[in-house]
Amino acid sequence: MTTKRSHSGAAPEATEPPDRPRPRRAPKTEERQRDAERSRKLLLDAALEEFAGHGLAGARVQDIAERAGVNKQLISYYFGGKHGLYRELQREWAEREALFAEEYAPLEEVAVRYLERGLADPRPARLAIWRGLSGDMQEIPEETSAITADLARLHRARERGEISADLDPGFLRLAVMGMVMAPIVMPQIAKEASGLDPRSPEFQEQYGEQIRRFLRHLSAPAETEGHEPAGREP
């Protein structure tokens, strides 16, 4: 504090020193972690939108960053680039699939769970279509691991007699994927075939029930020529 003497000889008046800028407080570790997690989530959400709309090859890093509202350099910092961002999405999907593809869950229930998830968020299915149309056959470890685990589960189900012995688990999985993805990637055909909007709860309920019935018939253990159901003595 300083003093200033008046010209009239009165007592000096006290004056406050000018305001000084306060030093910026460094963010705490917890705050930095929250910011990093928020930025990663924003980038993953934005990447899914761009990949689903334009495919992996057509999506631009700049567009992903702008949609997320962050600096595009963070894509390289957190994910090592666009392909790393794509692989992280694949890893997250594989983790989610493991949660509802339970070991002893009936095949028809697993299929309906996939259907419900796909109708609620069609972006992963659209991205898969983009990838197929581009001819991208590059192996993604997380995806390969999820498929391998799913096939192993189907083989064990066949050994327990829950799936007909004359059905190949790989082709069965492919057929189920087709049933699940059809109304997601071809909604206009689904509407023509059913008379219902595939986005409606009515379609989801009725089509889900038809999938259950179809797979119960398809997977029912039955003896066929040259095949014996698993678990029985010939």
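By about how many helical turns are aspartate 45 and lysine 41 separated in helix H1? Select both residues: they stand 4 residues apart in helix H1, and are therefore separated by about one helical turn. Helices here are DSSP runs of H or I with at least four residues, strands are runs of E with at least two, and both are numbered from the N terminus.

Before going further, note that this is a predicted model, in which local features need pLDDT of at least 70 and side-chain atom pairs count only at pLDDT 80 or more, while totals for chains, interfaces and linings use all residues. Residues are numbered from 1 along each chain as its sequence is written, and side-chain values use heavy atoms, with hydrogens and water left out.

**First stop: a pair within H1**

Keep aspartate 45 and lysine 41 selected and display their side chains, which meet in a salt bridge (2.9 Å, N to O). A salt bridge is a side-chain nitrogen of Lys or Arg within 4 Å of a carboxyl oxygen of Asp or Glu. Aspartate 45 is partly exposed at 35% relative accessibility, and lysine 41 is exposed at 53%. Buried means under 20% relative accessible area, exposed means over 50%, and partly exposed lies in between (1.4 Å probe, protein chains only).

**Second stop: the nonpolar cores**

Next, select Leu43, Phe51, Ile64, Leu85 and Leu89, which touch the most other members of the largest nonpolar core, a set of 20 residues. Helices H1 (29-58), H2 (61-68), H3 (73-79) and H4 each supply at least two residues of this core. The largest share, 7 residues, comes from H1. A nonpolar core is a set of buried Ala, Val, Leu, Ile, Met, Phe, Trp, Tyr and Cys residues joined through side-chain atoms within 4.5 Å.

Another core, of 19 residues, lies apart from this one; Leu119, Met179, Ile184 and Leu215 are among its members.

Centre the view on leucine 89. Leaving aside residues up to four places away in sequence, leucine 89 touches Leu44, Ala47, Leu48 and Phe51. Contact means heavy atoms within 4.5 Å.

Is glutamine 90 buried or exposed? Glutamine 90, in helix H4 (residues 82-100), is buried, with a relative accessible area of 7%. Not counting residues up to four places away in sequence, glutamine 90 touches Ile140, Glu142 and Glu143.

**Fourth stop: the annotated region**

Select residues 60-79, which an unreviewed UniProt entry annotates as "DNA-binding region". UniProt positions are given in the numbering used here, feature names are shortened, and annotations may be inferred rather than shown by experiment. The chain over residues 60-79 is 75% helix and 0% strand, with its end C-alpha atoms 15 Å apart.

The whole structure holds 16 salt bridges. Select arginine 216 and glutamate 108, whose side chains form one of 3.7 Å, N to O. Arginine 216 lies in helix H10 (residues 201-219) and glutamate 108 in helix H5 (residues 107-120), so the pair ties together parts 108 residues apart in sequence. Arginine 216 is partly exposed at 41% relative accessible area, whereas glutamate 108 is buried at 14%.

Finally, select aspartate 150 and arginine 173, whose side chains meet in a salt bridge (2.8 Å, N to O). This pair links helix H7 (residues 141-159), which holds aspartate 150, with helix H8 (residues 169-185), which holds arginine 173. Both aspartate 150 and arginine 173 are buried.
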